[in-house]
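Hi,

Here is the structure I promised to pass on to you. Please have it open while you read, as my notes go through it element by element.

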Amino acid sequence: MTRAPLPAKRRLTKAQRQAVAVRQGWRCAGIDGRRECHRDLRALADWFATARGGGSSAPLIAANLRDAGYNLNVPPWTVDHIVPLWAGGTDAPENLRALDQLCNREVTRDGAGWRKRAGKRKLA
């Protein structure tokens, strides 16, 4: 018995991520029903660029962002699938939303719990 090969990991391009953020008006979508974030993603991107590019306040900005929980080695915002890929979601634009790193981390953590519980149920 042979196993089917695992699907290649899909990554959205920078242009796709930017298109999602522009469609949302460069605002973080927040987390449905519990907390509305609405962080300005363009300002976050500018902070990251300043923190990396120098300037007198760059070390202070970088330290503040690190203290807030941001990882300066990745973009300040990510694209989240509203319906996760594991639950049958697609990469269609209407299934994507832009989140900042902290909101995305929380959504991913919650999704891992849902995925674990869904795996325990028997499908008819």
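Below are the notes on what was found, starting with the overall layout.

First, some ground rules. This is a predicted model, in which local features need pLDDT of at least 70 and side-chain atom pairs count only at pLDDT 80 or more, while totals for chains, interfaces and linings use all residues. Residues are numbered from 1 along each chain as its sequence is written, and side-chain values use heavy atoms, with hydrogens and water left out.

**Overall layout**

The protein has 4 helices and 2 strands (helices being DSSP runs of H or I with at least four residues, strands runs of E with at least two, both numbered from the N terminus). Along the sequence they follow the pattern α-α-α-β-β-α. Of the 124 residues, 29% count as buried; buried means under 20% relative accessible area, exposed over 50%, and partly exposed in between, with a 1.4 Å probe and protein chains only.

**The strand pair**

Strands β1 (residues 77-81) and β2 (residues 96-100) pair in the antiparallel sense over 5 bridges, where pairing requires that DSSP finds at least two bridges between the strands.

How many residues of β1 are buried? The count is 4 of its 5, and the strand is mostly covered. For β2, 5 of the 5 residues are buried, so this strand is largely enclosed by the rest of the structure. In a regular strand the side chains alternate between the two faces of the sheet. In β2, Leu96, Ala98 and Asp100 point one way and Arg97 and Leu99 the other way, and all are buried.

**Helix α3**

An α-helix has 3.6 residues a turn, so residues three or four places apart point the same way. In α3 (58-67), the residues Ala58, Ile61, Ala62 and Leu65 are buried. Seen down the axis of α3, these buried residues fall within an arc of 100°, so they line one face of the helix; the arc is that of the directions from the helix axis to the C-beta atoms. On the other side of α3, Pro59, Leu60 and Asp67 are exposed.

**The loop between α3 and β1**

Where does Tyr70 lie? Tyr70 is in the loop between α3 and β1, and it counts as buried because its relative accessibility is 7%. Tyr70 and Leu102 are 32 residues apart in sequence and 7.0 Å apart in space, C-alpha to C-alpha.

Asn73 lies in the loop between α3 and β1 as well, but it counts as exposed because its relative accessibility is 69%. Val74 also has its place in that loop, and it counts as partly exposed because its relative accessibility is 33%.

A pocket here is an open set of points on a 1 Å grid over the protein atoms alone, where a 1.4 Å probe fits, with protein on both sides within 12 Å along at least five of seven lines; lining residues have an atom within 4 Å of a point. The second largest pocket has a volume of about 270 Å³, a volume being the space filled by probe spheres set on the points, which are joined across faces, edges and corners.

Which residues lie nearest its centre? They are Lys14, Ala45, Pro75, Pro76 and Trp77, out of 13 lining residues. Helices α1 (14-23) and α2 (41-53) each supply at least two residues of the lining, and the largest share, 5 residues, comes from α2. The lining divides into 8 nonpolar, 1 polar and 4 charged residues (Ala, Val, Leu, Ile, Met, Phe, Trp, Tyr, Cys and Pro count as nonpolar, Asp, Glu, Lys and Arg as charged, and the others, Gly among them, as polar).

**Trp26 and the cysteines**

Most residues other than glycine have a negative phi. Trp26 has a positive phi of about 60° although it is not a glycine. Trp26 is placed in the loop between α1 and α2 and is buried, with a relative accessible area of 13%.

Finally, Cys28 counts as buried at 1% relative accessibility, and Cys103 counts as buried at 0%. A search of the whole structure finds 0 disulfides, a disulfide being a pair of cysteine sulfur atoms within 2.5 Å.

Best wishes, and enjoy looking through it!
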